[in-house]
Amino acid sequence: MSHTSGTAAADNGGTFGPEQAAALLDQTTQRARRKLQPSPPWLLATRAVMVLAALGVIWLSVRGQHPYKGPTAADIPVLIGFVVVNFAATVAVRARAVAGVSGRTRFSQGEIAVLVASFAVTVVAMAVLAADGVGLATYPTSVLVIPGLAWAALMAARRNRLEVAIGIAIVVMGILGAFAGPAGAWAVAAVGLCAVLLGNAVAVARHQHA
Amino acid sequence: MNGDGLDPLIHVPTRLKIVVTLAALPDGDGLSFTRLQDLLELTPGNLIIALRKLEEAGYLSSEKTRNGSAQKTTVTLTRQGRAALGAYTQTLRDLLGGL
């Protein structure tokens with residue numbers, strides 16, 4: 001339904017007809033979905049641009065390396081800065097959206113533990129591989145696989161098909177990156193994550209206006 | 001039902017806004033009184049009166065929890081309330097020619 005009319009008049013004691021009711025229903029639905037959305041489209045789109053810029057900068061610096069040496073010392077602050085800003089913005093926006101909300105909208109402690117464990121397992125796996133002489137520089141996107149799987153599993157338990165698809169897309173990207181060569185993997189991650197985030201933003205925006 | 005076939009418990013601006021806002025959350029999720037008040041920009045008195053009507057009709061449930069000296073009220077749309085909103089929306093569509 002899509003209507004415009006003066007619901008203020010009804011609030012002030014005027015006639016509240018079906019047209020005004022439909023308009024109020026539309027406005028309130030869209031406002032509630034916007035205010036209660038933990039991952040709003042603008043945040044997802046901003047993250048998409050940020051990830052494209054951060055990983056794109058690294059790809060530009062490593063693509064000419066023969067032999068491949070990995071990100072330079074100047075690239076590392078860019079990567080860390082992206083991770084920190086991304087994490088802080090996500091947590092802040094999510095906290096504001098779910099303030100006062102109780103139930104499944106919020107992550108349970110068990111779900112948070114699974115997500116934290118997925119990153120911990122990734123770090124351990126990286127350390128084990130590094131000890132065997134296989135450095136992160138040779139498989140930059142593989143760090144996406146375990147957290148992507150964990151996210152897909154958690155969202156499957158919540159029966160959230162969109163987020164399951166996002167988790168699987170991240171896993172696929174991690175695997176594809178392994179076949180793109182060490183320098184190409186950065187480009188795969190930059191373009192792939194950007195596309196996933198933009199797709200997510202479009203899906204959330206469409207739901208808000210449905 | 002009123003003359004239009006619209007549920008009179010929902011067909012009041014304040015109560016419609018409450019039900020629609022709670023329906024934006026996943027089934028079973030609740031919203032604190034203060035957040036609901038903030039979202040709807042209503043006075044506490046108006047909100048309490050509207051919530052009481054909806055709760056008496058079984059459209060929502062409220063739970064009071066105490067954390068030290070502070071009391072928190074959480075409001076949740078019941079399945080009956082969600083179904084009533086669905087029926088109300090369908091009736092509106094029918095009245096407005098499926099727009």
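Select E41(B): at a relative accessible area of 65%, E41(B) is exposed (over 50%; buried is under 20%, partly exposed lies in between, with a 1.4 Å probe and protein chains only). This is a predicted model, where local features need pLDDT of at least 70, side-chain atom pairs count only at pLDDT 80 or more, and totals for chains, interfaces and linings use all residues. Residues are numbered from 1 along each chain as its sequence is written, chains are lettered from A and ligands numbered from 1 in the order written, and side-chain values use heavy atoms, with hydrogens and water left out.

**Backbone stops**

Stay on E41(B). The residue sits in the loop between α2 and α3 of chain B (helices are DSSP runs of H or I with at least four residues, strands are runs of E with at least two, numbered from the N terminus). Its phi is positive, about 55°, although E41(B) is not a glycine. Most residues other than glycine have a negative phi, and most peptide bonds are trans.

Next, pick R159(A). Look in the loop between α6 (145-157) and α7 (161-178) of chain A. R159(A) is not a glycine, yet has a positive phi of about 60°. R159(A) counts as exposed because its relative accessibility is 77%.

Now go to H66(A) and P67(A). A cis peptide bond joins them, with omega about 5°. P67(A) belongs to the loop between α3 (41-62) and α4 of chain A.

Show L51(B). Apart from neighbours within four places in sequence, L51(B) is in contact (heavy atoms within 4.5 Å) with I18(B), F33(B), L36(B), L60(B) and V75(B).

**One buried threonine**

Move to T122(A), in helix α5 (residues 109-131) of chain A. T122(A) counts as buried because its relative accessibility is 8%. Beyond neighbours within four places in sequence, T122(A) contacts V143(A), I146(A) and P147(A).
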